[in-house]
Every structure is written in structure tokens, then in C-alpha cells.
Amino acid sequence: MSDSTPIDLPAGFVALIGQPNVGKSTLMNAVLGVKVAIATSKPQTTRNRILGVQTLSGKGQLCFVDTPGIHQGPKRLNRVMNEVALQSLREVDVVCHMVDVAALAAWQRRTGASGLPPEERYVIERLSQAEVPALLVLNKIDQLKDKNLLLPMIDALSERTEYAGVIPLSALTGEQIDTFVDVVLEHLPHQGLLFPEDMLTDQAERFLAAEFVREQVMLQTRKEIPYSVAVEVEHFNEDEKRDLLEISAVIHVERDSQKGIVIGQGGQRIKAIGQSARAELERFFGRQVFLETFVRVEPQWSEKSRHLHRFGYE
Ligand SMILES: Nc1nc2c(ncn2[C@@H]2O[C@H](COP(=O)(O)OP(=O)(O)O)[C@@H](O)[C@H]2O)c(=O)[nH]1
Ligand SMILES: [Mg+2]
């Protein structure tokens, strides 16, 4: 912090809460201008709490807490993910309840109902336990053709919670993100910066590297594979002389058949996963990366506490 920074700038923690796939990680990355949380079109991409810090010179500091989507699932991993999301409600200054308005409109069209799907009511139920101001963030407006649908949606969503603000935006196109940042800043305590100005995230580089690999596995596989994968970085070596990062990552799957799928015919898929992950890693770390990947079977890791802990989820 420089000497000239006033100590009373707004700064605080902002939780991003909502169903899986509504765009929480995309929004955080968009505000930060860099990807610290992986985001895919598949639900349950985010598995743990990720802090993303954006310092706006002279304006304040937003410390986002990106969370796994709130949902009910059978596995131990699902329960842990829910707990992580709900715990965040107690640790922040503002809660942003994010909704995918395009998905909501599609649900309403399909069912002929004007209310909310049970999954959204479940989120609202949990959210009502928050004791801090809540903002309603209506995401994916770029995909909502009929903007007249917004008002009745806001009515339905506001039934149980009195929102301190409502912001329709698009995390993908960037529309209204500046407004979102301003509204969030209005609700943060004036307490001066909480983290160094250049801090981006609390995620260790090793963990980020594992996440970039997992993102590519999730993007390049289908069905149950994306949810059966955990990635562990075994070696993370900085070769200062050659300005090179050497990373070796193990992709854990739950069954032999899944191993075959991740590797692909003649190793094609694992090669493609490695290439894309390497490109993401090089972009993030700003230097050349040498990436090795292995696939291993770890039966039922998503049900076992020991492995959830080992992979950084519990
Ligand atoms: N069209 C559109 N897609 C979006 C928007 N925000 C996020 N997405 C997409 O929605 C999917 C889920 O996003 P993600 O950030 O992983 O959602 P999360 O599970 O809530 O963190 C990804 O494919 C994103 O590219 C948006 O504003 N508009
Ligand atoms: Mg996410």
C-alpha cells in the first residue's frame, strides 16, 4: 500500500452464491481481468472456495469469494461443496445471489409457470440465513431475448429476501460489469485495503496449475467423466535459468474405463488436454511451461474424506 492511499477506502469480502453454472466464476474472472477460477459449461466446475482480489486504484478493494454452486447431490464431494458455499455466507460483507436469467426464462417457458424451479428455491432458502446485505445479480442477459421478463423474475426472486440492489448483467460480454462493481463498493465497509494491491488470489500456484488441467479435462470429456476427475500436481518446479516452469500433473479418475477415455485412442485426448492446459498455464504464469500428465485410477475418491482432503476439497 502506498503512503498516499487513504485508509478509509471501501474494502471487503463479497460472496458469489447461486446454482451451479449461473456464471459465478466467469463474473469473478471478468472483474479481475484474469482467470483465477476455472469456468466451463458443466455444473460443479468450482469445487472449493476461491478468493479473487481486485484493487481499484483510489476506489477500493473487492475480495470475491467464489463458491461451488449450491445444489443437492448424493456424493460426499457434493456435501462438502455445499458446506463450502454456505460457510462463505457467514464470512463476508456482501452476498451476491447470482441467477442465470436465460435458464430461468427457459424453465418458465417449458413449465408454463411464472415462479421459480425447486433448485432456485433451495438457494433462496439457504440465502435467507445470511445476515449481510444481499445483491441480486441477474446474469446472462445477453441470452435473454425478452427483457420484459426481468421484472416478474425480480418479483419472484425477491419474495423472501429484501435485496439491497438488483443488477442485470452479462459476465461473458462485460455488459453492466462496471455498474456491478460500483454497487458492490457502495456496500463495503470503509476500512482500507485488506490485501496488498497486487494480490490476485489466495490459491497456491500448484493448485491453480491443477485447476487449469482439470478445466481442460472437463471441457474435453463428457458424461460422468468431468465429475469423476481430480487433478493433483506432483511436481511444480521453477527453472529460473531457463525461465521455465516444469509441472507434472496426475489426473485421477474413479474407474479403469474412465482412464481409457481420458487417454483416448492412441493417447490423442490426453495429448489435446495437455496442449490446451499448457497454453492456459503459459498465459497465466507468463512464461514457458513444460507439462507432463499422467492418468491414474483412484477408486471412489469423491466419496472418501482422505482423498477429498488430499485433492484440496475438504
Ligand atoms: N451467454 C452467457 N454465458 C455465460 C455468462 N456467464 C457465464 N456464462 C457461461 O456459463 C457457463 C458457466 O459459467 P461458470 O462461471 O463456470 O458458472 P459457475 O458454475 O456459476 O461458476 C460457462 O460456459 C460460461 O461461459 C453470460 O453472461 N452469458
Ligand atoms: Mg464456478
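## Polar contacts of ligand 1

A polar contact is a pair of N or O atoms within 3.5 Å. Asp142 meets that cut-off: one of its polar side-chain atoms lies 2.7 Å from a nitrogen atom of ligand 1. The model is predicted.

A polar backbone atom of Val22 is 3.2 Å from an oxygen atom of ligand 1. For Leu172, a polar backbone atom is 3.2 Å from an oxygen atom of the ligand. On its own, ligand 1 has 580 Å² of accessible area, and the protein covers 89% of that area.

## Shell and pocket

Ligand 1 has 18 residues around it. Asn21, Gly23, Lys24, Thr26 and Asp142 come nearest.

Which element gives the most to the shell around ligand 1? Helix H1 does, with three residues. The space that ligand 1 takes is the largest pocket.

## Magnesium site

Ligand 2 is a magnesium ion. Its protein donors are Ser25, through OG, and Thr46, through OG1. They lie 1.9 to 2.2 Å from the ion. Ser25 belongs to helix H1, residues 24–32, while Thr46 sits in the loop between H1 and strand E2, residues 50–56, so the pair ties together parts that are 21 residues apart in sequence.

Definitions and conventions: Residues numbered from 1 in each chain as written. Chains lettered and ligands numbered in written order. Predicted model: local features only at pLDDT ≥ 70, side-chain atom pairs only at ≥ 80, totals over all residues. Heavy atoms only, no water. Donors = N, O, S within 2.8 Å, 3.2 Å for Na, K, Ca; no water. Helix = DSSP H or I, 4+ residues; strand = E, 2+ residues; numbered from the N terminus. Near = heavy atom within 4 Å. Polar contact = N/O pair within 3.5 Å; in protein donor to acceptor, adjacent residues only side chain to side chain. Areas by Shrake-Rupley, 256 points an atom, 1.4 Å probe, with all protein chains shown as cover. 1 Å grid on protein atoms, 1.4 Å probe; cavity = no way out; pocket = protein on both sides within 12 Å on 5 of 7 lines; lining within 4 Å. Sits in = over half its atoms within 2 Å of the grid points.
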